[in-house]
Amino acid sequence: MRKVGLYIHIPFCVKKCGYCDFYSVVGDDMLMDAYTSAVISALGEYKDRFVADTVYFGGGTPSVLGGKRISLILNAAKEFITPDAEITVEVNPGDNLNEFFAICSHSGVNRVSIGLQSANDSELKRLTRRHSSGDVSEAVRLARLHGIDNISLDLMLATEGQTEGTITQSIDFCADLNVNHISAYMLKIEENTPFYDKKASINIPDEDATSEMYLFACDRLESRGYTQYEISNFARSGYQSRHNLKYWNSEEYVGIGPSAHSYFDQKRFFYERDIHSFIKGTQPIFDSMGGDFEEYAMLRLRLCDGVSKVECERLFADGKERFGSMLSAAKKYEQAGLCHADDERIAFNKNGFLLSNMIISDLIY
Ligand code: SF4
(Lines give C-alpha, C1' and ligand atoms only; values in the text may rest on other atoms or scores of the structure.)
Protein backbone atom coordinates (compact mmCIF):
# COMPACT_ATOMS: atom_id res chain seq x y z
CA MET A 1 0.00 0.00 0.00
CA ARG A 2 1.16 3.60 -0.66
CA LYS A 3 3.14 5.25 2.14
CA VAL A 4 2.24 8.79 3.14
CA GLY A 5 2.96 11.26 5.93
CA LEU A 6 0.04 11.73 8.32
CA TYR A 7 -0.37 15.19 9.86
CA ILE A 8 -2.84 15.69 12.71
CA HIS A 9 -3.56 19.27 13.65
CA ILE A 10 -4.28 19.91 17.33
CA PRO A 11 -6.00 23.31 17.34
CA PHE A 12 -5.73 24.16 21.04
CA CYS A 13 -3.52 26.68 22.83
CA VAL A 14 -3.62 28.02 26.36
CA LYS A 15 -3.25 31.54 24.96
CA LYS A 16 -2.29 33.06 21.65
CA CYS A 17 1.37 34.10 21.15
CA GLY A 18 1.62 37.58 19.65
CA TYR A 19 3.21 36.53 16.35
CA CYS A 20 1.27 33.35 15.62
CA ASP A 21 -1.23 32.87 12.82
CA PHE A 22 -1.65 29.10 13.11
CA TYR A 23 -5.23 28.08 13.69
CA SER A 24 -5.98 27.43 17.36
CA VAL A 25 -8.61 28.11 20.00
CA VAL A 26 -8.79 27.84 23.78
CA GLY A 27 -10.44 24.50 24.53
CA ASP A 28 -12.12 22.79 27.47
CA ASP A 29 -12.40 19.05 28.18
CA MET A 30 -15.71 18.72 26.37
CA LEU A 31 -14.45 20.38 23.20
CA MET A 32 -11.18 18.41 23.27
CA ASP A 33 -13.05 15.12 23.69
CA ALA A 34 -15.37 15.98 20.80
CA TYR A 35 -12.35 16.97 18.71
CA THR A 36 -10.53 13.71 19.47
CA SER A 37 -13.57 11.71 18.30
CA ALA A 38 -13.84 13.84 15.15
CA VAL A 39 -10.17 13.19 14.29
CA ILE A 40 -10.72 9.46 14.73
CA SER A 41 -13.77 9.44 12.45
CA ALA A 42 -12.04 11.62 9.81
CA LEU A 43 -9.18 9.11 9.81
CA GLY A 44 -11.66 6.26 9.38
CA GLU A 45 -12.61 7.68 5.98
CA TYR A 46 -9.15 6.75 4.71
CA LYS A 47 -9.41 3.11 5.78
CA ASP A 48 -7.32 0.86 3.51
CA ARG A 49 -6.19 3.78 1.36
CA PHE A 50 -2.73 4.41 2.82
CA VAL A 51 -0.22 3.55 5.50
CA ALA A 52 1.77 6.26 7.25
CA ASP A 53 5.50 5.92 7.82
CA THR A 54 5.57 9.33 9.48
CA VAL A 55 2.98 10.86 11.82
CA TYR A 56 3.16 14.44 13.03
CA PHE A 57 0.97 16.00 15.73
CA GLY A 58 1.32 19.75 15.17
CA GLY A 59 -0.60 22.73 16.28
CA GLY A 60 -1.76 24.58 18.09
CA THR A 61 -0.31 22.70 21.00
CA PRO A 62 -0.61 18.90 21.11
CA SER A 63 0.56 18.87 24.74
CA VAL A 64 -2.59 20.88 25.64
CA LEU A 65 -4.76 18.06 24.26
CA GLY A 66 -3.08 15.72 26.77
CA GLY A 67 -1.41 12.33 26.51
CA LYS A 68 -4.60 10.29 26.92
CA ARG A 69 -6.29 11.84 23.90
CA ILE A 70 -3.12 11.58 21.78
CA SER A 71 -2.96 7.95 22.79
CA LEU A 72 -6.63 7.40 21.79
CA ILE A 73 -5.88 8.83 18.34
CA LEU A 74 -2.73 6.73 17.93
CA ASN A 75 -4.57 3.64 19.03
CA ALA A 76 -7.34 4.27 16.49
CA ALA A 77 -4.70 4.97 13.83
CA LYS A 78 -2.74 1.78 14.62
CA GLU A 79 -3.72 -0.01 11.44
CA PHE A 80 -2.50 3.00 9.40
CA ILE A 81 0.95 3.27 10.97
CA THR A 82 4.00 1.26 9.90
CA PRO A 83 6.08 -0.32 12.69
CA ASP A 84 9.11 1.84 11.85
CA ALA A 85 7.17 5.12 11.65
CA GLU A 86 8.63 8.39 12.90
CA ILE A 87 5.93 9.73 15.26
CA THR A 88 6.43 13.33 16.37
CA VAL A 89 4.49 15.50 18.81
CA GLU A 90 4.98 19.23 19.24
CA VAL A 91 4.92 20.42 22.83
CA ASN A 92 4.89 23.71 24.69
CA PRO A 93 7.53 23.59 27.46
CA GLY A 94 5.13 25.52 29.71
CA ASP A 95 2.86 22.47 29.99
CA ASN A 96 3.08 19.72 32.57
CA LEU A 97 4.95 17.17 30.48
CA ASN A 98 5.85 14.31 32.82
CA GLU A 99 2.63 12.33 32.42
CA PHE A 100 2.26 13.55 28.84
CA PHE A 101 5.59 12.08 27.73
CA ALA A 102 5.01 8.89 29.73
CA ILE A 103 1.72 8.20 27.92
CA CYS A 104 2.94 9.37 24.51
CA SER A 105 6.08 7.26 24.68
CA HIS A 106 4.02 4.24 25.66
CA SER A 107 1.73 4.89 22.66
CA GLY A 108 4.59 4.92 20.16
CA VAL A 109 5.70 8.57 20.00
CA ASN A 110 9.44 8.58 19.30
CA ARG A 111 10.21 12.21 18.46
CA VAL A 112 9.33 15.54 20.09
CA SER A 113 9.52 19.06 18.78
CA ILE A 114 9.75 21.64 21.55
CA GLY A 115 8.97 25.32 20.99
CA LEU A 116 11.97 27.01 22.62
CA GLN A 117 12.13 30.11 20.33
CA SER A 118 14.89 31.70 22.43
CA ALA A 119 17.09 30.78 25.38
CA ASN A 120 17.03 34.42 26.45
CA ASP A 121 14.18 34.98 28.88
CA SER A 122 13.76 38.68 27.98
CA GLU A 123 13.30 37.70 24.33
CA LEU A 124 10.78 35.04 25.37
CA LYS A 125 8.80 37.68 27.24
CA ARG A 126 8.81 40.01 24.27
CA LEU A 127 7.56 37.12 22.11
CA THR A 128 4.77 36.63 24.69
CA ARG A 129 5.76 33.00 25.25
CA ARG A 130 4.40 31.42 28.43
CA HIS A 131 7.55 29.53 29.48
CA SER A 132 11.16 30.14 30.44
CA SER A 133 14.33 28.62 29.01
CA GLY A 134 14.55 26.56 32.22
CA ASP A 135 11.23 24.93 31.32
CA VAL A 136 12.81 23.80 28.05
CA SER A 137 15.75 22.12 29.81
CA GLU A 138 13.23 20.34 32.01
CA ALA A 139 11.13 19.30 28.99
CA VAL A 140 14.21 17.80 27.32
CA ARG A 141 15.09 15.95 30.54
CA LEU A 142 11.57 14.55 30.84
CA ALA A 143 11.39 13.46 27.19
CA ARG A 144 14.61 11.50 27.67
CA LEU A 145 13.48 10.11 31.00
CA HIS A 146 10.53 8.57 29.17
CA GLY A 147 12.69 7.16 26.40
CA ILE A 148 12.19 9.82 23.70
CA ASP A 149 15.70 10.76 22.56
CA ASN A 150 14.95 12.21 19.15
CA ILE A 151 14.41 15.85 20.08
CA SER A 152 14.04 18.98 17.98
CA LEU A 153 14.03 22.54 19.30
CA ASP A 154 12.48 25.52 17.48
CA LEU A 155 14.25 28.86 17.46
CA MET A 156 13.10 32.21 16.16
CA LEU A 157 15.43 34.64 14.41
CA ALA A 158 15.18 38.39 13.83
CA THR A 159 13.06 39.08 16.87
CA GLU A 160 12.87 42.35 18.77
CA GLY A 161 16.05 43.09 20.70
CA GLN A 162 17.91 40.02 19.37
CA THR A 163 21.65 40.31 18.84
CA GLU A 164 24.42 38.02 17.63
CA GLY A 165 25.15 37.48 21.31
CA THR A 166 21.66 36.23 22.10
CA ILE A 167 21.55 34.09 18.94
CA THR A 168 24.77 32.46 20.12
CA GLN A 169 23.24 32.02 23.58
CA SER A 170 20.20 30.25 22.08
CA ILE A 171 22.11 28.00 19.70
CA ASP A 172 24.63 27.05 22.36
CA PHE A 173 21.78 26.31 24.76
CA CYS A 174 20.36 23.80 22.23
CA ALA A 175 23.75 22.28 21.46
CA ASP A 176 24.59 21.95 25.16
CA LEU A 177 21.31 20.11 25.65
CA ASN A 178 22.64 17.74 23.00
CA VAL A 179 19.48 17.70 20.88
CA ASN A 180 19.60 16.26 17.36
CA HIS A 181 17.63 18.78 15.37
CA ILE A 182 17.08 22.54 15.35
CA SER A 183 14.61 24.58 13.30
CA ALA A 184 15.38 28.29 13.05
CA TYR A 185 12.62 30.40 11.52
CA MET A 186 12.76 34.09 10.79
CA LEU A 187 10.00 36.07 12.47
CA LYS A 188 7.42 37.40 10.04
CA ILE A 189 4.68 39.65 11.27
CA GLU A 190 1.55 38.21 9.70
CA GLU A 191 -1.82 39.88 9.33
CA ASN A 192 -4.49 38.93 11.86
CA THR A 193 -1.99 38.53 14.70
CA PRO A 194 -1.70 40.68 17.83
CA PHE A 195 1.80 41.77 16.69
CA TYR A 196 0.39 43.02 13.39
CA ASP A 197 -1.95 45.37 15.21
CA LYS A 198 0.92 46.97 17.09
CA LYS A 199 3.49 46.60 14.32
CA ALA A 200 4.56 50.25 14.52
CA SER A 201 5.69 49.84 18.13
CA ILE A 202 7.62 46.59 17.62
CA ASN A 203 11.23 47.20 16.80
CA ILE A 204 12.20 44.20 14.69
CA PRO A 205 15.43 44.17 12.65
CA ASP A 206 15.27 45.51 9.08
CA GLU A 207 15.84 43.32 6.03
CA ASP A 208 19.64 43.69 5.98
CA ALA A 209 20.00 43.01 9.69
CA THR A 210 17.66 40.01 9.36
CA SER A 211 19.82 38.57 6.57
CA GLU A 212 22.95 39.04 8.65
CA MET A 213 21.32 37.30 11.61
CA TYR A 214 20.28 34.38 9.42
CA LEU A 215 23.79 33.95 7.99
CA PHE A 216 25.29 34.29 11.44
CA ALA A 217 22.91 31.64 12.83
CA CYS A 218 23.67 29.25 9.93
CA ASP A 219 27.41 29.52 10.68
CA ARG A 220 26.98 29.09 14.41
CA LEU A 221 24.72 26.06 13.94
CA GLU A 222 27.24 24.54 11.56
CA SER A 223 30.07 25.12 14.01
CA ARG A 224 28.05 23.34 16.74
CA GLY A 225 27.57 20.27 14.53
CA TYR A 226 24.17 20.96 12.95
CA THR A 227 24.22 20.60 9.18
CA GLN A 228 21.74 22.64 7.24
CA TYR A 229 19.45 20.57 5.02
CA GLU A 230 16.64 23.05 4.35
CA ILE A 231 16.26 26.83 4.48
CA SER A 232 15.30 26.75 8.16
CA ASN A 233 16.28 23.27 9.31
CA PHE A 234 19.51 21.86 10.71
CA ALA A 235 20.31 18.40 12.00
CA ARG A 236 22.98 16.08 13.18
CA SER A 237 23.70 13.26 10.78
CA GLY A 238 20.73 10.91 10.43
CA TYR A 239 18.26 13.13 12.31
CA GLN A 240 16.57 15.13 9.55
CA SER A 241 12.80 15.29 9.99
CA ARG A 242 11.45 12.42 7.89
CA HIS A 243 7.97 13.89 8.00
CA ASN A 244 8.88 17.38 6.82
CA LEU A 245 11.11 15.95 4.09
CA LYS A 246 7.97 14.47 2.55
CA TYR A 247 6.59 17.99 1.99
CA TRP A 248 9.76 19.23 0.33
CA ASN A 249 10.15 16.07 -1.73
CA SER A 250 6.57 16.42 -3.07
CA GLU A 251 5.57 13.11 -1.52
CA GLU A 252 2.02 12.44 -0.45
CA TYR A 253 0.66 13.48 2.94
CA VAL A 254 -2.74 13.48 4.56
CA GLY A 255 -3.69 16.27 6.97
CA ILE A 256 -6.52 15.88 9.46
CA GLY A 257 -8.07 18.79 11.40
CA PRO A 258 -9.11 22.40 10.78
CA SER A 259 -6.58 24.25 8.56
CA ALA A 260 -4.72 20.99 7.77
CA HIS A 261 -3.64 20.55 4.15
CA SER A 262 -3.27 17.32 2.17
CA TYR A 263 -1.61 16.18 -1.03
CA PHE A 264 -3.12 12.84 -1.91
CA ASP A 265 -4.17 11.19 -5.17
CA GLN A 266 -2.47 14.08 -7.02
CA LYS A 267 -4.92 16.52 -5.42
CA ARG A 268 -4.29 19.31 -2.92
CA PHE A 269 -7.10 19.97 -0.45
CA PHE A 270 -7.60 21.41 3.02
CA TYR A 271 -10.01 21.72 5.91
CA GLU A 272 -11.38 25.16 6.68
CA ARG A 273 -10.15 26.95 9.83
CA ASP A 274 -13.18 26.12 11.96
CA ILE A 275 -13.11 23.51 14.69
CA HIS A 276 -16.89 23.34 14.98
CA SER A 277 -17.37 22.63 11.31
CA PHE A 278 -14.65 19.94 11.53
CA ILE A 279 -16.41 18.33 14.50
CA LYS A 280 -19.65 18.33 12.50
CA GLY A 281 -17.86 16.28 9.86
CA THR A 282 -17.51 18.90 7.10
CA GLN A 283 -15.38 17.54 4.28
CA PRO A 284 -12.10 19.12 3.11
CA ILE A 285 -12.12 21.66 0.28
CA PHE A 286 -10.43 20.95 -3.05
CA ASP A 287 -7.59 23.37 -3.77
CA SER A 288 -5.81 22.29 -6.95
CA MET A 289 -4.21 19.40 -8.75
CA GLY A 290 -0.64 18.91 -7.54
CA GLY A 291 2.56 17.31 -8.67
CA ASP A 292 3.57 19.47 -11.64
CA PHE A 293 7.16 20.41 -12.38
CA GLU A 294 6.91 23.99 -11.04
CA GLU A 295 5.64 22.82 -7.69
CA TYR A 296 8.23 20.05 -7.50
CA ALA A 297 11.14 22.41 -8.29
CA MET A 298 9.89 25.11 -5.93
CA LEU A 299 9.70 22.68 -3.01
CA ARG A 300 12.96 20.86 -3.80
CA LEU A 301 14.87 24.14 -4.01
CA ARG A 302 14.09 24.70 -0.32
CA LEU A 303 16.45 21.78 0.33
CA CYS A 304 20.23 22.08 0.31
CA ASP A 305 20.26 19.08 -2.06
CA GLY A 306 18.28 21.13 -4.56
CA VAL A 307 17.05 19.73 -7.87
CA SER A 308 18.89 16.92 -9.64
CA LYS A 309 18.81 16.21 -13.34
CA VAL A 310 18.42 12.47 -12.79
CA GLU A 311 15.35 12.96 -10.67
CA CYS A 312 13.79 15.47 -13.07
CA GLU A 313 14.20 12.91 -15.86
CA ARG A 314 12.72 10.16 -13.70
CA LEU A 315 9.67 12.14 -12.61
CA PHE A 316 8.72 14.22 -15.65
CA ALA A 317 8.45 13.35 -19.35
CA ASP A 318 10.03 16.71 -20.23
CA GLY A 319 12.32 16.68 -17.15
CA LYS A 320 15.54 16.81 -19.17
CA GLU A 321 14.45 19.97 -21.02
CA ARG A 322 13.03 21.58 -17.87
CA PHE A 323 16.27 20.95 -15.97
CA GLY A 324 18.25 22.32 -18.92
CA SER A 325 16.32 25.59 -19.02
CA MET A 326 16.61 25.98 -15.24
CA LEU A 327 20.34 25.44 -15.53
CA SER A 328 20.72 28.19 -18.14
CA ALA A 329 18.78 30.61 -15.95
CA ALA A 330 20.76 29.54 -12.84
CA LYS A 331 24.18 30.36 -14.30
CA LYS A 332 24.02 34.07 -13.47
CA TYR A 333 23.04 33.28 -9.88
CA GLU A 334 25.93 30.87 -9.62
CA GLN A 335 28.31 33.61 -10.76
CA ALA A 336 26.79 35.87 -8.11
CA GLY A 337 27.65 33.25 -5.46
CA LEU A 338 24.04 32.31 -4.66
CA CYS A 339 23.83 28.73 -5.85
CA HIS A 340 25.59 25.70 -7.18
CA ALA A 341 24.60 24.88 -10.76
CA ASP A 342 26.17 22.18 -12.92
CA ASP A 343 25.00 19.52 -15.37
CA GLU A 344 23.86 17.30 -12.50
CA ARG A 345 22.35 19.58 -9.86
CA ILE A 346 21.06 23.05 -9.01
CA ALA A 347 21.05 23.98 -5.34
CA PHE A 348 20.99 27.20 -3.33
CA ASN A 349 23.53 28.03 -0.67
CA LYS A 350 22.61 30.06 2.42
CA ASN A 351 23.08 33.37 0.61
CA GLY A 352 20.80 32.12 -2.13
CA PHE A 353 18.14 30.97 0.34
CA LEU A 354 17.77 34.59 1.46
CA LEU A 355 16.71 35.57 -2.07
CA SER A 356 15.16 32.27 -3.07
CA ASN A 357 11.58 33.52 -3.48
CA MET A 358 12.71 35.96 -6.11
CA ILE A 359 15.19 33.65 -7.85
CA ILE A 360 12.94 30.58 -7.97
CA SER A 361 10.34 32.32 -10.12
CA ASP A 362 13.10 33.34 -12.53
CA LEU A 363 14.40 29.76 -12.68
CA ILE A 364 11.17 27.90 -13.25
CA TYR A 365 8.79 30.16 -15.17
S1 SF4 B 1 3.13 29.74 18.64
FE2 SF4 B 1 2.40 27.73 19.26
S3 SF4 B 1 1.75 28.02 21.40
FE4 SF4 B 1 1.88 30.07 20.50
S5 SF4 B 1 -0.21 30.47 19.76
FE6 SF4 B 1 0.94 29.61 18.05
S7 SF4 B 1 0.52 27.44 18.09
FE8 SF4 B 1 -0.07 28.28 20.10
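What follows is a set of questions and answers on a helix, a core and a sheet in this predicted model.

User: How many Å does helix H6 reach from its first C-alpha to its last?
Analyst: H6 covers residues 133-145, which is 13 residues. At 1.5 Å a residue, the expected span is 18 Å. The reach in the model is close to that, at 19 Å.

User: Which residues of H6 are buried?
Analyst: A residue counts as buried if 20 or more other C-beta atoms lie within 10 Å of its own. The buried residues of H6 pack against strands E3, E4 and E5 and against helices H4, H5 and H7. They are Ser133, Val136, Ala139, Val140, Leu142 and Ala143.

User: Which residue with positive phi follows H6?
Analyst: The helix ends at residue 145. The phi in question is near 85°. The residue is Gly147.

User: Is Phe173 buried, partly exposed or exposed?
Analyst: Phe173 lies in helix H7. Burial takes 20 or more other C-beta atoms within 10 Å, and exposure 12 or fewer. Phe173 has 19, so the residue is partly exposed.

User: What separation do the C-alpha atoms of Phe173 and Ser133 have?
Analyst: Phe173 touches Ala119 and Ser133, leaving out residues up to four places away in sequence. Phe173 and Ser133 are 40 residues apart along the chain. Their C-alpha atoms are separated by 8.9 Å.

User: Which residues does Ile114 touch, not counting those up to four places away in sequence?
Analyst: The largest nonpolar core has 94 residues. Ile114 is among the four that touch the most other members, with Leu157, Ile182 and Ala217. Domain 1 (3-247) and domain 2 (293-365) both contribute residues, so the core lies between them. The residues Ile114 touches are Val91, Pro93, Val136, Ala139, Val140, Ile151 and Leu153.

User: Which residue in E15 stands opposite His340?
Analyst: E14 pairs with E15 (residues 345-348) in the antiparallel sense. Three bridges join the two strands. The residue opposite His340 is Ala347.

Notes. Residues are numbered from 1 along each chain as its sequence is written. This is a predicted model: local features need pLDDT of at least 70, side-chain atom pairs count only at pLDDT 80 or more; totals for chains, interfaces and linings use all residues. Two strands pair if DSSP finds at least two bridges between them. Helices (H or I, at least four residues) and strands (E, at least two) are DSSP runs, numbered from the N terminus. The expected span of a helix is 1.5 Å times one less than its number of residues. Two residues are in contact if their C-beta atoms, placed from the backbone, lie within 7 Å. A nonpolar core is a set of buried Ala, Val, Leu, Ile, Met, Phe, Trp, Tyr and Cys residues joined through C-beta atoms within 7 Å. Domain bounds come from an automatic or database domain assignment.
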